[in-house]
Amino acid sequence: MASPLELYIGIMSGTSLDGIDAVLMATNGHQAQLTASTTRPFAKALRQRLLDVANGTPISAQLWGELDAELGQAYAEIVLQLLQESGTQANQVRAIGCHGQTLWHQPYGDLPFSLQLGDGNRVAALTGIITINDFRRKDMALGGQGAPLVPAFHQQVLADTKQLRIVVNIGGIANITVLDPQQPVQGFDVGPGNMLLDAWCQQQWGQPFDKGAAFGLQGQVNSDLLARLLDEPWLALPAPKSTGRELFSPHWLAAHLQEHQAQCGAINALDVQATLTEFSASAIVDQVTGYATKPTTATQTMPTGQLLVCGGGGHNPLLMQRLTALLPNWQVTTTNSAGVDMDAMEAMAFAWLAHQTLHGLPGNLPAVTGASRPAILGAIHLP
Ligand SMILES: Nc1ncnc2c1ncn2[C@@H]1O[C@H](COP(=O)(O)OP(=O)(O)OP(=O)(O)O)[C@@H](O)[C@H]1O
Ligand SMILES: CC(=O)N[C@H]1[C@@H]2OC[C@@H](O2)[C@@H](O)[C@@H]1O[C@H](C)C(=O)O
């Protein structure tokens, strides 16, 4: 008999730094029913501080502590908002799984670490609900990348017994989960999702992102610049692999633009936006095509598999158009069509991870992260 469903809250604020998503979800570890969700943008000043730090501006211990407290406060406030909007009492919720805000992710080198801020003590104390955070560092202590963590949840809610499904989350960074009925689950980061698109849009037009691809759709892809971007060595590394703003930063983009301009002349801003969109799509497609047999005849119409998109990039029409065009034998759609809300997916994954931890179950997949064993993840804060 299936275990009863329990209520959990999941909180995600991702590498796009657009704000906080929170969900209320009923789960027994195998089923996941979304009950309510809410979202809040970061206050402008807080977003700018986070962006500066994540882009490498040195930070004092004082500012560090203040950011930790301010984020903890913001996470607690969104929980209270979610409880109120959904008419739920705190004592009905078993636990909160709170990702925190990634400020630095360094999975390679002698001292790998991943830093997420947002004081869990504060969240637990202000909401009265057990709060679990710091999900990545146990996996890293075991030699893993600490990311991506969502593949285990994708497996629970989206695996199909018959067909190959690849889930692609297009947030600031894009990551994929390969759900092949014949193979163990695979997953890894594939490159920048929206991060460079957002940075360029902000820099050129003062807009935080290219809404509806309004700018990208007016540009032409520049093949020289695209080839330079795709030449990034990290893209060719084998899994396990993960990345972040530390690599795909505005500095990284500026360096590539400079090289391009020195050799090929100036490029207009709309063409850069279109090229960055093509870059994000191509980095995803390069990985996806590796997992499927190519069609044997030109007339073959059966989809090779389903590409299920979630995360904010699924709302970018140019990105979706390019994924569809570059994967002609695939059924390209969003996770909504498979019954999981594309905007709630990551927060749902952290609600699920909280369930795993509270039940003493592992949250990581060693085949994905490279950790030496499955592990119970996270730090538990009692109210
Ligand atoms: N209507 C839209 N048109 C174009 N792009 C959009 C639209 N809506 C959202 N986006 C893109 O999605 C981004 C937000 O995505 P998401 O919320 O999945 O990011 P995230 O939570 O930071 O994810 P991750 O943790 O996976 O990096 C925005 O910054 C923007 O680039
Ligand atoms: C360090 C960090 O915050 N990584 C995020 C980021 O955003 C997408 C991709 O890079 C993924 O590796 C991860 O998030 C999701 C939730 C994950 O761990 O699966």
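Biologist: Which residues come nearest to ligand 1, and what makes a residue near?

Modeller: Of the 23 residues around ligand 1, the nearest are Gly14, Ser16, Gly171, Asn194 and Gly312. A residue is near a molecule if its C-beta atom, placed from the backbone, lies within 6 Å of it. This is a predicted model, where local features need pLDDT of at least 70 and side-chain atom pairs pLDDT 80 or more, while totals for chains, interfaces and linings use all residues. Residues are numbered from 1 along each chain as its sequence is written, and chains are lettered from A and ligands numbered from 1 in the order in which they are written.

Biologist: How do you class the shell around ligand 1?

Modeller: It divides into 5 nonpolar, 13 polar and 5 charged residues. Ala, Val, Leu, Ile, Met, Phe, Trp, Tyr, Cys and Pro count as nonpolar, Asp, Glu, Lys and Arg as charged, and the others, Gly among them, as polar.

Biologist: Why is ligand 2 said to lie between domain 1 and domain 2?

Modeller: Domain 1 (6-146 + 344-381) and domain 2 (151-338) both give residues to the shell around ligand 2, so ligand 2 lies between them. The domain bounds come from an automatic or database domain assignment.

Biologist: What makes Ala22 and Val79 contacts of Ile9?

Modeller: Two residues are in contact if their C-beta atoms, placed from the backbone, lie within 7 Å. Leaving aside neighbours within four places in sequence, Ile9 is in contact with residues including Ala22, Val79 and Ala351.

Biologist: How many residues surround ligand 2, and how does its shell divide by class?

Modeller: There are 18 around ligand 2, with Thr102 and Ala147 among the closest; by class they are 5 nonpolar, 11 polar and 2 charged.
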